[in-house]
Amino acid sequence: MISDDAPIWTIIVLLGIGTYAIRFSFLALLGDRTLPPWLLRLLRYTPVAVLPGIVAPLVLSPPATDGVFDPARFAAAVAALAIGIVTRSFLTAIAGGAATLYLALWLLN
Amino acid sequence: MEGSTTKSAFLRGVMLALPFTIVVAPFAMLFGIVATEAGLDLAETMGFAILVIAGAAQFTALQLLVDQAETWAVLAAALAVNLRMAMYSASLVPWIGRAPFWQRALVAYVNIDQTYAASITAYERDPAMTVTQRIALFLGTAAPVAPLWYLFTVLGALLGTGIPDAWALDFALPITFIAMVGPMLKSVAHVAAAATSVALSLLLAGLPSGLGLLAAAFSAMLVGALVEMAMERRR
């Protein structure tokens, strides 16, 4: 649960402004300016650099099981990753991960 | 005449974006559910959906809020997830950079993964389009996506806490993020970046919440860029 004194609206508004600024950035400037190649090279990797780092601790020690490794959740994560790599389809990977999770939870409990 | 071709460009955008609604609706609903379960009220949940309108960043902020991370760390991590949109912004400039300021400002608000991907593909396929038609097409791609994003977030928030623990919804976020990452692993450099991110986030898990993630993410971006340069040199 989120704590009651978390500055939620501050985060929403600043995140909204920051996200809009990122989206507008180059469109707001005049002329045909582009990003320097070294920066483009770094930016290319932001999603694959951030998202796995968020997920890894949640997969190995899920808060729902008080941090104890859960084979069902681990199997679901592996399935979603494998299906995503093979099919290149976000929706198929979600469906496969969810199906694996429920099947494993049912088999292991 | 100009009016009718603008309208047909808008409608073409709508048609291009229709398949994406299958992805957007459940993703929005999931955010509504997970945000409500985490303790956000309807106004806060909708604040995220309308002001931020970026699924992965919204989920990132939510997860770090649950982890009681510092405010600056929540913002830094969620904005890092959105940095890719600076690339979208830059790559749109040659196509719509000459449109009036207010039109570019409007496009920026709905410059998300799906609208960008659909529009840039259409621009490249049909370079004869006028700037006005390109703007109309972009806004057309947003027309089905943005309202569905709001609507299904509301539906999810209303369903929210009524969902039993046995559904294991705690794991909806990890599965969603993994499903996003899988299709992105299209080169050795991407795999190296993702592996670095996993390894360092686990090693640095003892740091205050958010810090370990930022250090892991920044290192992973560097690794991705360095591996890409090394691969290019080999060729």
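Helices (H or I, at least four residues) and strands (E, at least two) are DSSP runs, numbered from the N terminus.

**Ground rules**

I am reading a predicted model, where local features need pLDDT of at least 70, side-chain atom pairs count only at pLDDT 80 or more, and totals for chains, interfaces and linings use all residues. Residues are numbered from 1 along each chain as its sequence is written, while chains are lettered from A and ligands numbered from 1 in the order in which they are written.

Is B:Lys186 buried or exposed? I find B:Lys186 exposed, because 11 other C-beta atoms lie within 10 Å. My scale: buried means 20 or more other C-beta atoms within 10 Å of a residue's own, exposed means 12 or fewer, partly exposed is in between, and C-beta atoms are placed from the backbone. I also checked B:Ala166, which is 20 residues from B:Lys186 along the chain; their C-alpha atoms are separated by 35 Å.

**Where the chains touch**

I count a contact when two residues have their C-beta atoms, placed from the backbone, within 7 Å. Between the chains, 70 residues of chain A and 77 residues of chain B take part. On the chain A side, the elements giving two or more residues are α1 (8-28), α2 (37-43), α3 (46-60), α4 (71-87) and α5 (90-108). The largest share is that of α1(A), with 19 residues. I sorted this side by class: 51 nonpolar, 12 polar and seven charged residues. Here Ala, Val, Leu, Ile, Met, Phe, Trp, Tyr, Cys and Pro count as nonpolar, Asp, Glu, Lys and Arg as charged, and the others, Gly among them, as polar.

**Two domains in chain B**

I note domain 1 (2-165) and domain 2 (185-234) in chain B; the bounds come from an automatic or database domain assignment. Taken over C-alpha atoms, the centres of these two domains of chain B are 26 Å apart. Their contact uses 10 residues from domain 1 and six residues from domain 2. Which helix gives the most to the domain 1 side? I find α5 (residues 71-82) of chain B, with five residues. By class, that side of domain 1 has seven nonpolar, one polar and two charged residues.

**Two helices, end to end**

For the expected span of a helix I take 1.5 Å times one less than its number of residues. Helix α12 (residues 211-234) of chain B has 24 residues and reaches 35 Å from its first C-alpha to its last, close to the expected 34 Å. Its buried residues include B:Leu213, B:Met221 and B:Glu228. Among the elements covering the buried residues of α12(B) are α2 and α3 of chain A, and α5 and α11 (188-203) of chain B.

I then turned to α5(A). This helix has 19 residues and reaches 27 Å, close to the 27 Å expected. Among its buried residues are A:Phe90, A:Ile94 and A:Leu101. The buried residues of α5(A) pack against α4 of chain A together with α2 (21-37) and α10 (172-181) of chain B.

**The largest nonpolar core**

A nonpolar core is a set of buried Ala, Val, Leu, Ile, Met, Phe, Trp, Tyr and Cys residues joined through C-beta atoms within 7 Å. The largest has 116 residues, and A:Ala80 and B:Ala193 touch the most other members. Helix α9 (residues 131-159) of chain B gives the largest share, 11 residues. Each of domain 1 and domain 2 of chain B supplies at least three residues to this core. Leaving aside neighbours within four places in sequence, I see B:Ala193 in contact with residues including A:Tyr45, A:Val48, B:Ala220 and B:Met221.

**Two positive phi values**

Most residues other than glycine have a negative phi. I found B:Ile53 with phi near 40°, in the loop between α3 (42-52) and α4 (55-66) of chain B. B:Ile53 counts as buried because 24 C-beta neighbours lie inside 10 Å. B:Gln68 has phi near 60° and lies in the loop between α4 and α5 of chain B. B:Gln68 has 14 C-beta neighbours inside 10 Å, so I log B:Gln68 as partly exposed.
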